[in-house]
Amino acid sequence: WALAADCAQQPDVAIAKLKEAVKLERNAHAWATLGMVYAKQNRLDEALQALDAAQSADARFEPTYVYRGNIYLLRKEPARAAAEFQRALALKPDDMTARNGLDMAGRQPSQP
């Protein structure tokens, strides 16, 4: 439901549904998705908090690190982004999103 709301450009509905989901059970997928939706709204601190909760729920849920890497790219922190993408690739070596993110981090200059 939350993903459908996000695709329909209804982030507030998506966030509400995801918050309901994480109250019901400790679920890395729901937390990571909440982080992704927050990030799309440029609510980066909230996104990182949700991703920390996702990692705590299941440190092997690889999208957590891809989403976090993307946030660090947005923040112009390529070294931190690269570390997150590498972590994702350690869990899932064929993840093309993580590979592309790692490539982007390698080409992005650091924030002064």
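View 1. With a relative accessibility of 0%, Thr64 counts as buried, where buried means under 20% relative accessible area, exposed over 50% and partly exposed in between, using a 1.4 Å probe and protein chains only. This is a predicted model, in which local features need pLDDT of at least 70 and side-chain atom pairs count only at pLDDT 80 or more, while totals for chains, interfaces and linings use all residues. Residues are numbered from 1 along each chain as its sequence is written, and side-chain values use heavy atoms, with hydrogens and water left out. Thr64 lies in helix 5, residues 63-74; helices (H or I, at least four residues) and strands (E, at least two) are DSSP runs numbered from the N terminus. Leaving aside residues up to four places away in sequence, Thr64 touches Ala32, Leu51, Ala54 and Gln55, contact meaning heavy atoms within 4.5 Å.

View 2. Just after helix 5, Lys76 adopts a positive phi of about 60°.

View 3. In helix 6, the residues Pro78, Ala81, Ala82, Glu84, Phe85, Ala88 and Leu89 are buried. Because they cover an arc of only 165° around the axis, they are on the same side of helix 6, the arc being that of the directions from the helix axis to the C-beta atoms. On the other side of helix 6, Ala79 and Ala90 are exposed, whereas the buried residues of helix 6 pack against helix 5 and helix 7.

**View 4. The crossing of helix 2 and helix 3.** The axes of helix 2 (residues 11-24) and helix 3 come within 9 Å and cross at roughly 155°, with axes fitted to C-alpha atoms over the stretch in contact and angles running from 0 to 180 degrees between N-to-C directions. That angle makes helix 2 roughly antiparallel to helix 3, a term for angles over 145 degrees. The contact is made by Pro11, Ala14, Ile15, Leu18, Lys19, Ala21 and Val22 of helix 2 and by Ala30, Trp31, Thr33, Leu34, Val37 and Tyr38 of helix 3.

Technical notes: Parallel < 35°, antiparallel > 145°, perpendicular 65-115°, else oblique.
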